Every structure is written in C-alpha cells, then in structure tokens.
Amino acid sequence: MVATRLPDRVPVGEYEACPVTEVARRIGDKWTMVVLALLGGRAYHFNELQRAIEGISQRMLTRTLRALESDGLVERTVLPTSPPSVEYRLSPRGESLLIPLSALADWAVSSGGSRG
C-alpha cells in the first residue's frame with residue numbers, strides 16, 4: 001500500500017524536487033550500497049575500504065565517499081597520526097538509513113530481485 005497517492009500525471013518539477021527521488025538516486029548508484037553496508041559494521045580507513053570492495057577505483061571511492069559525506073551520511077575524521085590518516089564512519093543519519101536499506105535488501109532477496 002502506498003502511503004501517499006500520486007496524481008495520474010506527475011509534473012517533472014515535483015518529481016525532481018521530491019526527497020525520495022534524491023535518496024533513490026544516491027543509493028541506486030553502483031557503489032553506495034556496498035560502502036554504506038561496510039561502514040554499517042565499523043569505521044574504515046580509506047585503503048581498507050578500497051581493498052574491501054573489489055573493482056572500485058580510488059577515484060570512484062573518493063567520489064562516493066565525498067557524496068555521502070556531503071549528504072550527511074558519512075563522517076570523515078583526520079586522525080592525528082604520522083603520517084595523518086583518515087577514518088570514515090556512518091553518521092547518525094547514515095546509521096538511521098541502515099534499517100530501511102536492510103528492509104529493501106530483504107525484499108529484493110525474498111522476491112527474486114528484478115526478475116519479478
């Protein structure tokens with residue numbers, strides 16, 4: 001059951017301004033879900049995270065982390081080590097996304113995903 005009934009014709013401006021559209025774009029890209037899932041378990045240093053995600057380039061991991069940080073889902077902390085190192089972890093906002101993401105993952109697995 002849909003919580004809010006959409007009109008028969010959805011104006012493109014309303015679609016673009018809808019917060020659900022932006023969330024779908026963010027979590028629907030190739031790397032975001034796996035980054036969020038890993039960070040949901042613990043904090044990672046950049047290189048650890050890159051090693052944990054087969055096939056992601058340094059550039060794509062950087063872009064993904066910056067976007068998630070910009071969205072307030074990931075926190076970046078520069079640690080006072082020599083040389084300095086950086087740690088990434090989910091923000092409280094990012095942690096709050098884990099429950100709906102888990103529900104979505106459970107639904108996809110139980111329904112056979114996009115195979116319908």
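This is a predicted model: local features need pLDDT of at least 70, side-chain atom pairs count only at pLDDT 80 or more; totals for chains, interfaces and linings use all residues.
Residues are numbered from 1 along each chain as its sequence is written, and side-chain values use heavy atoms, with hydrogens and water left out.

So what does the protein chain contain? It has six helices and three strands (DSSP runs numbered from the N terminus: helices are H or I with at least four residues, strands are E with at least two). Starting at the N terminus, the order is α-α-α-β-α-α-β-β-α.

As for overall dimensions, the C-alpha atoms fill a box of roughly 60 × 30 × 25 Å along the principal axes. The radius of gyration of the protein chain is 17 Å, whereas a compact globule of 116 residues would come out near 13 Å (that's over C-alpha atoms, with the globule rule being 2.2 Å times the number of residues to the power 0.38).

How many bridges hold strand 2 and strand 3 together? Six, in the antiparallel sense, with strand 3 covering residues 85–90. If you want to trace the pairing on screen, valine 74 faces leucine 90 in strand 3, and leucine 79 stands opposite serine 85 in strand 3. These two strands make a hairpin with five residues between them.

That loop between strand 2 and strand 3 is where you'll find proline 83. The peptide bond joining serine 82 and proline 83 is cis, with omega about -5 degrees.

Strand 1 also runs antiparallel to strand 3, and two bridges join them. One thing to look for there is histidine 45, whose bridge partner in strand 3 is glutamate 87. Tyrosine 44 has arginine 42 over its face, at 3.9 Å from the ring centre (a charge counts as over a ring if NZ of Lys or CZ of Arg is within 6 Å of the centre and within 35 degrees of the ring normal).

Last stop, the pocket. On a 1 Å grid over the protein atoms alone, using a 1.4 Å probe, a pocket is an open set of points with protein on both sides within 12 Å along at least five of seven lines, and lining residues have an atom within 4 Å of a point.

There are 13 residues lining the largest pocket, and the closest to its centre are Val23, Ile27, Leu73, Arg93 and Leu97. Which elements give two or more residues to that lining? Helix 2 (19–28) and helix 6 (92–111) do. Helix 6 gives the most, with six residues.

How values were computed:
Two strands pair if DSSP finds at least two bridges between them.
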